[in-house]
Amino acid sequence: MDIFLQFDFPSILLGVFAALSCGLLGNFLVLRRQALMGDAISHVVLPGIVIGFLFSHATASWPMLLGAGGAAIVSVLLIELIRRLGNVEPGAAMGVVFTTMFAVGVVLLEQTQTAGVHLDVEHALYGNLESAIWLEAYSWRDLFNLSALSALPEDVKLLAGVSLVLIVTVLAFFKELKITSFDPLLAASLGISPQIFGLLLIVMVAVAAVAAFSAVGSILVIAMFICPAATARMLTDSLKIQLWLSSLVAVFAGVAGYLAAAFLPPMLGFDGSVSAAGMIAVVAGLLQLAAMLFAPRYGVVWRRWHLQRSS
Amino acid sequence: MHAFWQAITLQAGYNTALVCVGAAILGASAGAIGVFVLLRKRTLVSDAVSHATLPGVALAFIVGQLLFEAGRSLPLLLTGAAISAALGVLAVDAIKNHTRLNEDTAIGTVLSTFFALGMVLLTVIQSLQVSGQAGLEGFLLGATSGMLFSEAVLIAVAAGIIGAALLLRMKEFTLLCFDEQFAATSGYNVKALDRTLLILLVGIVVIGLKTVGLVLIVALAIIPPVAARFWTDRVPVLTAIAAGIGATGGYIGAAISASAPDMPTGGVIVLVLFTLFVISMLIAPARGVLAAALRHRRFQKVVHLRQGLLSLAHNEPVLEPLTARLLRRNGLLRGDGRPTPEGASLAHKTAQDQLLWNAYKQQAPEEALLMKDWSLRPIQEVLPPDVVKSLQDDLSLDSAPSANTLRSPL
């Protein structure tokens with residue numbers, strides 16, 4: 001049990017917090033048809049993260065967060081500039097900017113390798129979920145022991161803090177986020193600015209993407225944003241229930257994905273383990289597939305069955 | 001720098017030259033296909049396509065390793081990539097058409113879960129402890145350094161074939177992009193055409209994996225068409241320019257990456273393409289920023305001069321500084337704010353011209369409203385002589401200024 005607590009538990013925490021903070025915001029992205037904003041932001045923050053890393057020489061540090069936030073703001077401005085100056089449709093402008101920013105990040109990364117700094121490309125793409133360890137933990141009672149808790153890895157503490165802030169913000173502005181997502185015109189007539197809450201959402205998405213980045217990597221962040229929300233959307237029409245369901249799905253994917261990655265291969269006779277971050281996203285994807293097929297009322301199978309019965 | 005010149009003049013060894021030429025052909029084909037993807041507004045589908053190749057590559061490696069002990073064979077890996085990319089496209093369409101989730105969500109889901117599956121398989125390969133797996137990392141971000149001669153030939157030839165196939169079907173694709181219903185009523189199989197375009201896209205993405213890498217290959221299909229859009233509005237020209245930009249980006253990018261250490265090919269090609277995009281955005285004559293600014297300035301001049309002349313004709317002082325400066329520079333206004341003799345006569349003629357324009361607007365308000373040159377150029381230059389004559393008769397002007405005495409102020 002000690003080994004589980006010291007090596008597996010902190011990784012599970014990382015995965016759960018990453019999935020939870022991204023999954024919660026994903027609900028609003030999916031509703032606003034901005035699902036690919038998560039995709040774009042997780043790509044564009046890469047150069048900022050690399051530059052922040054060059055200053056601090058540590059992952060999960062404040063310079064990295066600042067760099068990523070700066071990169072996100074730069075690219076939002078760039079997208080807007082290209083759209084205005086060039087009369088280009090938003091999807092194409094986004095495509096130009098996010099591929100370019102990612103390319104800048106990749107070239108910078110390769111350059112840093114010559115400088116003998118360790119932050120490799122695989123880390124940026126895959127994340128590093130398994131590296132979290134909590135050596136100070138000896139028993140489950142340490143969960144309530146402040147000094148042991150403070151010895152949790154920096155990644156976990158950062159992500160936990162970010163999750164808490166995001167959850168509180170979503171709860172505090174739930175009504176505003178809901179109205180601006182469903183009916184921007186109504187929101188504006190009620191005196192709730194759709195622009196301000198649109199921007200707030202983008203900022204929160206950027207923060208969540210950056211915080212989750214070092215745990216699960218830049219591409220799997222997209223799965224965290226979209227899959228839990230899409231799964232919940234198949235199951236319900238009420239936004240409140242959708243938020244709860246998506247959080248549940250996110251937490252389940254985080255736990256089940258990690259456990260499957262760590263313990264399934266040995267059971268099947270493989271040596272070693274597979275990527276935990278990848279497995280979490282695969283589990284989230286499978287849950288979404290199941291919901292798309294078998295969800296009551298909206299699932300494909302359910303609808304076919306009803307169609308046959310009524311005809 | 002020396003190494004770069006060697007690479008770009010194709011003198012840095014046979015392999016490097018072939019890689020550069022191959023990247024140029026790849027860029028040209030990808031840019032040309034990208035035009036139609038952009039016009040059909042399916043830009044971001046190509047992102048899902050490229051990420052969906054990863055599980056195919058990994059599975060093909062495992063299968064190849066188990067069956068033939070030769071997992072790294074490029075044709076095998078690319079076949080696997082093509083199959084899983086096609087599955088990805090079908091999945092996007094299925095989610096979009098059969099569930100309540102929209103296209104963006106479908107793209108994001110497919111992109112991330114396929115990629116995640118690929119990642120899991122890659123770690124499985126790592127734990128298998130077999131040889132030759134180092135090459136697989138190159139598929140993520142592109143690597144041309146260790147490319148075999150036969151691989152470079154394969155890429156160049158396949159990219160060329162895809163480009164040629166696009167040229168053969170260009171008319172049909174143009175029709176598909178602009179008027180799907182017309183294409184359908186003209187007897188074209190719209191669904192098959194759409195599928196063909198997607199197959200070509202999947203093909204070019206798969207071919208480009210080794211050179212540019214799966215994260216950035218989508219840039220080759222997005223940036224050149226968007227950049228070319230600044231130069232022209234005509235589809236054949238647009239396709240040619242996009243292909244040219246793509247080829248230049250691929251060629252220069254591959255040359256830079258071959259001549260300097262630690263320059264990942266994919267990243268460098270994308271940065272070169274972005275540079276070409278910025279240049280296009282600034283200086284392109286058709287829709288570029290600079291050209292638009294110049295056009296605006298010219299228009300401003302015409303309007304200000306005309307308003308100034310009308311003020312002079314009505315004996316009003318010219319107070320607006322830009323107008324006064326323009327009038328003075330053209331020798332129409334003296335320093336003390338009085339018109340010069342030429343200014344006075346031109347002002348008179350402009351006032352008469354304006355009377356005719358106003359009369360025309362009363363007679364035919366709709367046509368006048370649609371007219372871009374209304375009251376900006378002398379009426380004789382715009383309307384046919386008999387219309388002008390009848391307007392003059394209505395206003396009972398004995399003789400309107402003829403076109404050659406009333407010269408346009410600019």
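**Before starting**

Residues are numbered from 1 along each chain as its sequence is written, and chains are lettered from A, with ligands numbered from 1, in the order in which they are written. Because the model is predicted, local features need pLDDT of at least 70 and side-chain atom pairs count only at pLDDT 80 or more, while totals for chains, interfaces and linings use all residues; side-chain values use heavy atoms, with hydrogens and water left out.

**Stop 1: confidence in chain B**

The average for chain B is 84, and 93% of the residues score at least 70. Next, select residues 402-410 of chain B, where pLDDT stays under 50. For this stretch the model has 15 contacts beyond four places in sequence, a contact being heavy atoms within 4.5 Å.

**Stop 2: the interface of chains A and B**

Display both chains together. In chain A, 59 residues are in contact with 54 residues of chain B. About 4900 Å² is buried between chain A and chain B, and carbon and sulfur atoms give 75% of that area. Buried area here is the accessible area (1.4 Å probe) that two parts lose on being put together, summed over both.

How many salt bridges does the rule find across the interface of chain A and chain B? It finds 1, where a salt bridge is a side-chain nitrogen of Lys or Arg within 4 Å of a carboxyl oxygen of Asp or Glu. Select Asp237(A) and Arg100(B): their side chains meet in a salt bridge, at 2.7 Å from N to O. Side chains of opposite charge can pair when their charged atoms come close.

The rule also finds 7 residue pairs in polar contact across this interface, both residues being at pLDDT 80 or more. Several helices of chain A give two or more residues to the side that touches chain B, among them α2, α3 (62-86) and α4 (90-114). The most comes from α4(A), with 16 residues. Helices (H or I, at least four residues) and strands (E, at least two) are DSSP runs, numbered from the N terminus.

**Stop 3: His43(A)**

Select His43(A), which is found in helix α2 (residues 35-56) of chain A. Is this residue buried or exposed? His43(A) is buried, because its relative accessible area is 1%; buried means under 20%, exposed over 50%, and partly exposed in between (1.4 Å probe, protein chains only). Not counting residues up to four places away in sequence, His43(A) touches Phe98(A), Phe102(A), Ile219(A), Ile222(A), His51(B) and Val215(B). A polar atom of the His43(A) side chain lies 2.9 Å from the backbone oxygen of Asp39(A).

**Stop 4: the cysteines**

Select Cys22(A). The closest cysteine sulfur to that of Cys22(A) is in Cys227(A), 12 Å away, which is too far for a bond. The structure holds 0 disulfides over all chains, a disulfide being a pair of cysteine sulfur atoms within 2.5 Å. Cys22(A) is buried, with a relative accessible area of 0%, and Cys20(B) also counts as buried, at 0%.

**Stop 5: Arg306(B)**

Move to Arg306(B), in helix α15 (residues 289-313) of chain B. Arg306(B) is buried, with a relative accessible area of 8%. Residues it touches beyond four places in sequence include Trp357(B), Ser375(B) and Leu376(B).

**Stop 6: salt bridges in chain B**

Over all chains the count comes to 18 salt bridges. Select Arg42(B) and Asp194(B), whose side chains meet at 3.6 Å, N to O. This pair links distant parts of the chain, 152 residues apart: Arg42(B) is in the loop between α2 (14-39) and α3 (45-51), and Asp194(B) is in helix α11 (residues 190-212). Arg42(B) counts as buried at 13% relative accessibility, as does Asp194(B) at 16%.

Glu103(B) is partly exposed at 25%, and Lys96(B) is partly exposed at 29%. To finish, select Arg40(B), Arg42(B), Asp93(B), Lys96(B), Glu103(B), Glu180(B), Asp194(B) and Arg195(B), which are linked in a network of salt bridges.

Conventions: pLDDT = per-residue confidence, 0-100. Polar contact = N/O pair within 3.5 Å; in protein donor to acceptor, adjacent residues only side chain to side chain.
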